[in-house]
Amino acid sequence: MNEDTFNMEIRKFLKTVGISSQREIEHAVAKALESGKLSGSESISVKMTLEAPAVGISHCIEGTIALE
């Protein structure tokens, strides 16, 4: 295994995850604000699960995002 290649591939994957996840959250929050489901002053709970079945990973990260 080439450690440098492996490291770069992980970073590339995580960058894609970060960018697409941010976009999805922004769109979902905008829709929720438009529909009145959110007022814009609360915090929302978030959860991200990373799975890599080939190596036995199922890692969950939970947090909150403040809207104001």
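**Entry 1: the strand pair.** I started with the strands, and found that β1 (residues 43-52) and β2 (residues 57-66) pair in the antiparallel sense, over 10 bridges. A reminder to myself: this is a predicted model, and I read each entry below with that in mind.

**Entry 2: the ends and the turn of the hairpin.** Which residue of β2 is the bridge partner of S43? I looked it up, and the partner is A66. Next I went to the link: four residues sit between the strands of the β1 and β2 hairpin. One of the residues I checked here was G56, and G56 takes a positive phi near 75 degrees. I also jotted down a general point on strands: in a regular strand, side chains alternate between the two faces of the sheet.

**Entry 3: the whole fold.** Stepping back, I noted one helix and two strands in the protein. From the N terminus on, the order of the elements is α-β-β. How does the spread of the protein stand against a compact globule? I found a radius of gyration of 16 Å, while the globule rule gives 11 Å for 68 residues; the value is well over the rule, so the protein is more spread out than a compact globule. I then took the box along the principal axes, and the C-alpha atoms fill roughly 50 × 20 × 15 Å.

**Entry 4: burial, contacts and surface.** I asked what share of the 68 residues counts as buried, and the figure is 9%. For the accessible surface of the protein I have about 5,900 Å², with 56% of it belonging to carbon and sulfur atoms. On contacts, I took those between residues at least 6 apart in sequence, and 27% of them join residues at least 24 apart.

**Entry 5: charges.** I counted 7 positive and 10 negative side chains in the protein. The centres of the two sets lie 4 Å apart.

**Entry 6: a look at E42.** Where does E42 lie? I placed E42 in the loop between α1 (3-35) and β1. Its relative accessible area is 25%, and E42 is partly exposed, because the buried class needs under 20% and the exposed class over 50%. Leaving out residues up to four places away in sequence, I saw that E42 touches I65, A66, L67 and E68.

How values were computed
Residues numbered from 1 in each chain as written. Predicted model: local features only at pLDDT ≥ 70, side-chain atom pairs only at ≥ 80, totals over all residues. Heavy atoms only, no water. Rg over C-alpha atoms; globule rule 2.2 N^0.38 Å. Buried < 20%, exposed > 50% of the residue type's maximum accessible area, 1.4 Å probe, protein only. Contact = heavy atoms within 4.5 Å. Areas by Shrake-Rupley, 256 points an atom, 1.4 Å probe, with all protein chains shown as cover. Lys, Arg positive; Asp, Glu negative; His and termini not counted. Charge placed at Lys NZ, Arg CZ, Asp CG, Glu CD. Pairing = 2+ DSSP bridges.
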